[in-house]
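Colleague: I would like to learn how to read a protein model with care, one feature at a time. Could you take me through this one?

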Amino acid sequence: MRIYDLARELKIANKDLMKALSDIGVSVKSHSSSIDEETVAKVKRLLESRSAPLPAVAPAAQKAPQPQPPPARKPEVTKPSPAAESVSLPQPAAKPAAPAKAAAPKPPPPPPKPAESKPVAPAAKKTMVFYGPIVVRELADRLGMKPNQLIAELMMMNVFASINEKLEIKIVQQIAEKHGFIIEHEKKAAEAKPPPSLSDKDDLPDRPEDLEQRPPVVAFLGHIDHGKTSLLDRIRNAAVAKGEAGGITQHIGAYTATHRDKKITFLDTPGHAAFTAMRARGANLTDIAVIVIAADDGVMPQTEEAIRHVQAAKTTIMVAINKIDLPGANPDKVRKQLQAIGLVPEEWGGDVICVEVSALTGKNIERLLEMILLQAEILELKANPRAKARGFVIEAQMEPGMGPIANLLVTRGMLAVGDIILCGPFWGRVKALINDHGIKIRRAGPSTPVRCMGLSGVPMAGESFKCVPDDGTARDEAEKRSMEMRSQLI
């Protein structure tokens, strides 16, 4: 009997069952190891003995420490307080107050001195720092006016410029002085004093009591035409058929499915090329990587390449042997090929879970989801939902009528409508959050994919984002990052 099957039958966690086995001297490698009937009986007796209540000790223990009432104290005569004595005792007659000082008229206050007329100081001008070239759009944003208003003022100065055209520093200084600003311009960001950066060290570490269980993030990788998209579509259609959520399913690069009242987040990436590109940018989003292998083709060169990328990312590996409904399917051949490259299936004494599935018929799809949840339980995935939100960009594009749209995956904290986020050289206030079913939501917790509206531009896939306290900090940091990118291009 498998350990995880026995744990489900006894309604305990896998790690608790493995600890009980070690207590009776039975060593097992993982939760997928098998044990014989005699060992099963021993474990059940051990757990029953631990859970059985003690016969008479418990009641006795409850009656033994009965606190005795304290001995009655003799009534003490409380002495009256000084205040009480002052009230009860008669007071001597008060002497009549001398009315000399009270009756004497007070002299009139001296007249106020006339205020000396001082010249009114002009209002202090605000300083505005620019790094690199100054364009019309950026200057209008910093001055708090619309670009067409600034273009009209420039035309009155006989300067004809478009919204993305660079301006001379003398023209910028004249416009700024007119609106009460002083310009400080540096051609290179390295020569200027950059604004303070928002490093990850600014965030306080999570306390153990703040961590809560989060859904696992799963990606399907493998050779082309081995059924990755078909498996994802089968799982997605099964979730929609169960009526988990209404609305039309949106393509946001990720979606959630529920199995046994537990959520799983699937990344709908094009393949291991996107997986590697995102990992190169520091976006290790995936907790579990499912390698999809066709039962008739077996392990192919792209399959081995995907496995190497997943091993380099130190991500947990599972194998889905797809297309077992085909006449030429040979799952054992696939297991032999996996063993040859160092991935030993659990059926042959290894630790790699292999599930035979069929995306066409839906066979063993439930078992695949069950194995994913089992791996997530072993990994003990947790996050702090009360911290400042942070995460990564899955995809981003410019949509007509909506502006920049970023598909985000929250990895920590709670992202809410109205939060100010910084994402690469762009920033913005979250205007709307839309889940994978097209429903507008107010907030998104860890391992939740959402479409976000409100950024000032289109970030790159794999870019990290984080919440910042105010828009001024976000704008300064975004300008600094933008200048650094420009200097690298130059």
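Colleague: What is a nonpolar core, and which residues have the most contacts inside the largest one here?

Modeller: A nonpolar core is a set of buried Ala, Val, Leu, Ile, Met, Phe, Trp, Tyr and Cys residues joined through side-chain atoms within 4.5 Å. Buried means under 20% relative accessible area, exposed over 50%, and partly exposed in between, with a 1.4 Å probe and protein chains only. The largest nonpolar core of this chain has 26 residues, and those with the most contacts inside it are Phe-220, Phe-266 and Ile-372. The elements giving two or more residues to this core are β4 (217-222), α10 (228-241), β5 (254-259), β6 (262-267), β7 (288-294), β8 (316-322) and α14 (365-379), and α14 gives the most, with 7 residues. Helices (H or I, at least four residues) and strands (E, at least two) are DSSP runs, numbered from the N terminus.

Modeller: Before going on, keep in mind that this is a predicted model, in which local features need pLDDT of at least 70 and side-chain atom pairs count only at pLDDT 80 or more, while totals for chains, interfaces and linings use all residues. Residues are numbered from 1 along each chain as its sequence is written, and side-chain values use heavy atoms, with hydrogens and water left out.

Colleague: Which residues does Phe-266 touch, not counting residues up to four places away in sequence?

Modeller: A contact means heavy atoms within 4.5 Å. Counted that way, Phe-266 touches Val-218, Phe-220, Leu-232, Ile-235, Gly-253, Ala-254, Tyr-255, Ala-257, Leu-369 and Ile-372.

Colleague: How many residues does α14 have, and how far does it reach from its first C-alpha to its last?

Modeller: The expected span of a helix is 1.5 Å times one less than its number of residues. With 15 residues, α14 reaches 21 Å, close to the 21 Å expected. Its buried residues include Leu-368, Leu-369, Ile-372 and Ala-376, and also Glu-370 and Gln-375. Just after α14, Glu-380 takes a positive phi of about 55°.

Colleague: Is Ser-358, which lies in a loop, buried or exposed?

Modeller: Ser-358 is found in the loop between β9 (354-356) and α14, and it counts as buried because its relative accessibility is 0%. Among the residues that Ser-358 touches are Asn-322, Asp-325 and Lys-363.

Colleague: How many bridges join β11 (residues 390-399) to β19 (residues 464-467)?

Modeller: Two strands pair if DSSP finds at least two bridges between them. Here 3 bridges join β11 to β19, and the two run antiparallel, with Phe-392 having Ser-464 as its bridge partner. Strand β14 (residues 420-423) also pairs with β19 in the antiparallel sense over 3 bridges, and there Ile-421 stands opposite Cys-467.

Colleague: What is the mean pLDDT of the chain?

Modeller: The pLDDT is the predictor's confidence in each residue, from 0 to 100. Its mean over the chain is 77, and 73% of the residues reach 70 or more. Over residues 74-104 the pLDDT is below 50, and this stretch has 2 contacts beyond near neighbours in sequence.
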